[in-house]
Amino acid sequence: MKNQKIKISTKNLNVFYGAKQALFDVNLELEEKKVTALIGPSGCGKSTYIRCLNRMNDVIDICKVEGSIKIDGQEINKKDVDVNLLREKVGMVFQKPNPFPKSIYDNIAYGPRIHGLADNKNDLDQIVESSLKKAALWDEVKDRLNQPGTGLSGGQQQRLCIARTISINPEVILMDEPCSALDPIATAKIEELIDDLKKTYTIVIVTHSMSQAARVSQNTGFFHLGKILEFNLTEKIFKNPDNKLTQDYITGRFG
Amino acid sequence: MNNKEKEIFLRKRYSAEKRFRFFGISSIIIALSFLCILLINIFTNGLSAFSRTEILLKINFNEKKLGINSSSTDKEIKQANFDEVLQDALLSLAPNAPELKQAELMDLVSIDATTELKKFYLKNKDVLNKTAEVAVTLSDDIDQVHKGNFPRDIPEDRRRFSDFQLKIYDEQSSKNKIISEFNWPFIFNADSREPEIAGVGASLMGSFFTLIVCLLLSFPLGILAAIYLEEFAPKNKITEIIEVNVNNLAAVPSIVFGLLGLGVFLNYFYLPRSTPLVGGLVLALMTLPRIIIPCRAALKAVPPSIREGALALGASKVQTVMHNVVPLAMPGTLSGTIIGLSQALGETAPLLLIGMVAFINVVPSTPLDPSSVLPVQVYLWSESAERGFVEKTSATIIILIFFLAFMNSFAIYLRNKFEKKWS
Amino acid sequence: MNLTILSLIAVFSLSCYFFGKSKVLKQTKISGKKFHSLPEYYGYYLAAWCGLPALIILFFWSFSELYIVKLFILSDFRADPSIDENKLNLIFSEIKSIAEKNFSGTIPQNLVPYVEKFLSLNKILELSKFAVIFSAIIFSLSFAYSQILKNIRARESVEKVIRVVMFLCAAIAVFTTFGIVLSLLFESIKFFTAVSIFDFITGTNWAPGRAFVRDASVQTADVENVFGAVPLFWGTFFIAMIAMCVAVPIGLFSGIFMAEYASRKIRRIVKPLIEVLAGIPTVVYGFFAALTVGPFFRTIGEAVGLNVSSESALAAGMIMGVMIIPYVSSLTDDVINAVPVSLREGSYAMGATKSETIKKVILPAALPGIVGSILLAISRAVGETMIVVMAAGLGANLTINPLEASTTITTQIVTILIGDQSFNNPKTQAAFALGLTLFFFTLVINIIALNIVKKFREKYE
């Protein structure tokens, strides 16, 4: 674990929603090109945590983030950081699939267009095709790229959103319970995809499902009441956790 | 794409962002400045109408000239002629004026001045055969000069008063004989052709009666209709037709309701023309959907658990709704009604068509007397040429806006104070 | 008279309520008999039986009364073929006003016997109304009382009555629409028998003043040429367009700003302030447009050598636009807020700026709702009356110059019908034909717009 490159590190991260504190001094170091799973009971702050990593919490008026967040050693929790460029680098997939009310093609082309990644139609076509291929959706939709993205099935919509995220070549992909709205078959497909993607991207996934964390991740962090209680190799956490609470949670005594 | 290109692209994106934001802010600023200009314009034009300019005249209440004596009854006094004593007082302002100018002296004061003298005398009968200083309303033209609404330096032939009149005014002014006081007659008087004595009393009463008729009809009907549609109506074609009708009526131009009033209430049912009764009826029909819609929203906001709780205790549907749901929806219902009524108060067009534009010089005492309403008074006076009416129109608007602001803030207060937030 | 009867009915009903309630209470106490419903429901039951039949009779009687009188009085005149329907109406209203002592001028001697007949007829009818209503009350009360003694389910009956009454209240909306359509159609049909509908829709000359003739004997040739409504349709459309040119951009951008950019605090202050613009009576806007904006434009026009009429389509349209801003902005705000947050977050997570998110994600998603709100705003602009009456002028010009005076459908309705007008001449009827056009035009826009907005809401609910 020591010789791996650290992609993201947070130090003394505190988050407040108005007067309510949601995270308490979270210190984490996330490794590059690995899948890190964050688990914990509802409301423990895991979603809040990953939303700090691409500053999505800025969208919420009353939310205040204190502490240091470094990506590749660069501080991002500063006023003068360009959040749009940050988000280009750190993509995000949400709990519920949220394709834009546009065609499949335009959904993928949206990112490259706003960031000016394609000089011409040809480039754009290529980006769309490669993104959809990477998201393992190409074969299913290649004949109907002009149909609305909202017409796809739930699992396809979520893969469309993943394809949309990788269309702008991020370095990190944050996934906020990406499978919670999907059936088991679609979930399996997404998990397969995550396994594939970790070759290229650093992935942080929040999940409610213990088994999913065990299946897809290399490292796991356990959150409880806004604090990180344990962070270690997934194997270690699931077989032999240090913390009693982690043990109870994993074995299903609470949560 | 290299770094430099990327930077240029980014800069473009951000300037687009700034531009967009700028458009947003400037739109809001434009909209709000329109509001400010409008209000400032109305207030600067209208506030002066709330004061009245008077001249202190030394009146000699001479028994012979008045043709009355100390034992005269009030009725005799009312019939007596006060013109001569007024004339004497006015002529004494410029004792050496040529005969031609004497008429101009007479025009200095309002045509209502003799009535004012009578009123003064009725209150102070002991001034008989004595000289007393009485405040008499000045004519509209001098009034406007005094308030600075009319430029006095334009050539004589282009204004409605002469240099001579101006000279007298200045003389009296320097002697502190010109005074201003709050214009109560403006609030209580009925309309008149003379701006200085015209008031909004008649239209205030008219608006009041119209609104009462409108309230009495639209509030119970609207509430019952809303309760029916929200709580009892079965899901069928008839209900659907009613709902479509309610929503559409709320968007039908108000003038169409005027045509309805003219065609049905006046020409078919022979209801009396120009009266608050018909005005209120027409406005009630117009207000009805505007009450039903917020009422339904208020009822809808009451959570189903309340209904289920009551029904589970064995209360009938009607009891449940009347005892449990309606009281909870009352704040929303009331504020919706008040806002609906405030719209009715400002409505003009339909009332023009049912004849509420007549010149009303008596304050109406029942909803069956012909009358005008505040917004129609604004319309009527805005058509008049005299400078004094511009001021009066703006002042009427101020009164109207005052009532509207009061009603709307009361509605907001009700909503904020009593409406429960269901989580 | 009606008022006396009404208050009598009210007093009776109230005493019936107390009587019914106390009767049941006493019965329970004396004989221990158990009644189905609470005592007050028997009170309501009795009161309803007392009041409702009487009110229904009173209602219909009052409306038919005048027609019965008219029928009797005019039967003599009807025999004379030279007197047509219009004249009959005129005679009757004369008789009526003499009888009610509202008649000004010398009383025509030939009408005096009829006036007497009118008065006696009225008296008979009033008395019989009184008798009928009170016998109805006695009859229905005795029935209701016997029902109470039989221990009927009073609550159920009372609730049934309440439901029917509520249904009738809701149905008033339908009656109102019927009333509007019928009253407009009735006069319009008369108009279109005198003037061809084709000339009305396609004619370009509008000068109804020239068709004003005291008797109905109008020269047809004259009539046809002066009722061409195209200039009015054009003026209405033109001014509405000017208004939309002001209201749509300002309203849209304000709505977007409030929904997406403004902080909660600013929104809480600014939104109601902008909505004040919609709460100001239109007559105030009209006054402002006519007295301040119109002359202001003329001064500017003079300064740059343009001929601007002091009553111009531009002044009226612009002020109307200001009035409509809040309709567009509030609806835009609502519609944008209805777009789910997840779409917004999806776009931000891609690194899009706010304006990119708004332009490329939110607006396309909210488009149907925004179109609906703009349509509703157009319908308001078309139906708006006071601003154009006071600031747009009366001349029916077919012009595309916004600096000239222009007239609209609503302006013409008001100018024709303001003050006293004799009915039964094509000019007055033309106003109703215009009203009909206006009603159907706004109805169609409203239905389309309301449907679009409803569909949009359902999509995201």
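This is a predicted model: local features need pLDDT of at least 70, side-chain atom pairs count only at pLDDT 80 or more; totals for chains, interfaces and linings use all residues.

Biologist: What makes chain A as compact as a globular protein of its length?

Modeller: Chain A has 10 helices and 10 strands; these are DSSP runs numbered from the N terminus, with helices being H or I of at least four residues and strands E of at least two. The radius of gyration is taken over C-alpha atoms, and the globule rule is 2.2 Å times the number of residues to the power 0.38. Chain A has a radius of gyration of 18 Å, close to the 18 Å that the rule gives for 255 residues, so chain A is as compact as a globular protein of that length. The C-alpha trace of chain A spans about 55 × 45 × 40 Å along its principal axes.

Biologist: How does the radius of gyration of chain C stand against a compact globule of 461 residues?

Modeller: Such a globule would have a radius of gyration near 23 Å, but chain C has 31 Å. Along the principal axes, the C-alpha trace of chain C spans about 85 × 70 × 35 Å. In secondary structure, chain C has 16 helices and 0 strands.

Biologist: How many of the residues in chain C are buried, as a percentage?

Modeller: Buried residues are 43% of the 461 in chain C. A residue is buried if 20 or more other C-beta atoms lie within 10 Å of its own, exposed if 12 or fewer, and partly exposed in between, with C-beta atoms placed from the backbone. For chain A, 45% of the 255 residues count as buried.

Biologist: Why is H13(C) called roughly antiparallel to H16(C)?

Modeller: Helix H13 (residues 354–383) and helix H16 (residues 426–460) of chain C pack at about 160°, with their axes 8 Å apart. The axes are lines fitted to C-alpha atoms, for helices over the stretch in contact, and angles run from 0 to 180 degrees between N-to-C directions. Angles under 35 degrees count as roughly parallel, over 145 as roughly antiparallel, 65 to 115 as roughly perpendicular and the rest as oblique. The pair is therefore roughly antiparallel.

Biologist: And what kind of residues make that contact, by class?

Modeller: The contact of H13(C) with H16(C) has 14 nonpolar, 7 polar and 1 charged residues. Here Ala, Val, Leu, Ile, Met, Phe, Trp, Tyr, Cys and Pro count as nonpolar, Asp, Glu, Lys and Arg as charged, and the others, Gly among them, as polar.

Biologist: Why are H10(C) and H11(C) called oblique to each other?

Modeller: Helix H10 (residues 282–303) and helix H11 (residues 313–338) of chain C cross at roughly 135°, their axes coming within 9 Å. H10(C) and H11(C) are therefore oblique. Their contact divides into 11 nonpolar, 2 polar and no charged residues.

Biologist: What makes H4(B) roughly perpendicular to H5(B)?

Modeller: Helix H4 (residues 83–91) and helix H5 (residues 99–106) of chain B pack at about 115°, with axes 10 Å apart. That makes H4(B) roughly perpendicular to H5(B). On the H4(B) side the contact includes B:Gln87, and on the H5(B) side B:Gln102.

Biologist: How many residues join chain B to chain C in contact?

Modeller: 66 residues of chain B are in contact with 71 of chain C, a contact being two residues whose C-beta atoms, placed from the backbone, lie within 7 Å. Helix H1 (residues 3–46) of chain B gives the most to the chain B side, with 17 residues.

Biologist: What is the phi of each?

Modeller: Phi is near 40° for A:Asp25 and about 65° for B:Ser274. Most residues other than glycine have a negative phi. A:Asp25 is in strand E2 (residues 20–31) of chain A, whereas B:Ser274 is in the loop between helix H12 (254–266) and helix H13 (276–301) of chain B.

Conventions. Residues are numbered from 1 along each chain as its sequence is written. Chains are lettered from A and ligands numbered from 1 in the order in which they are written.
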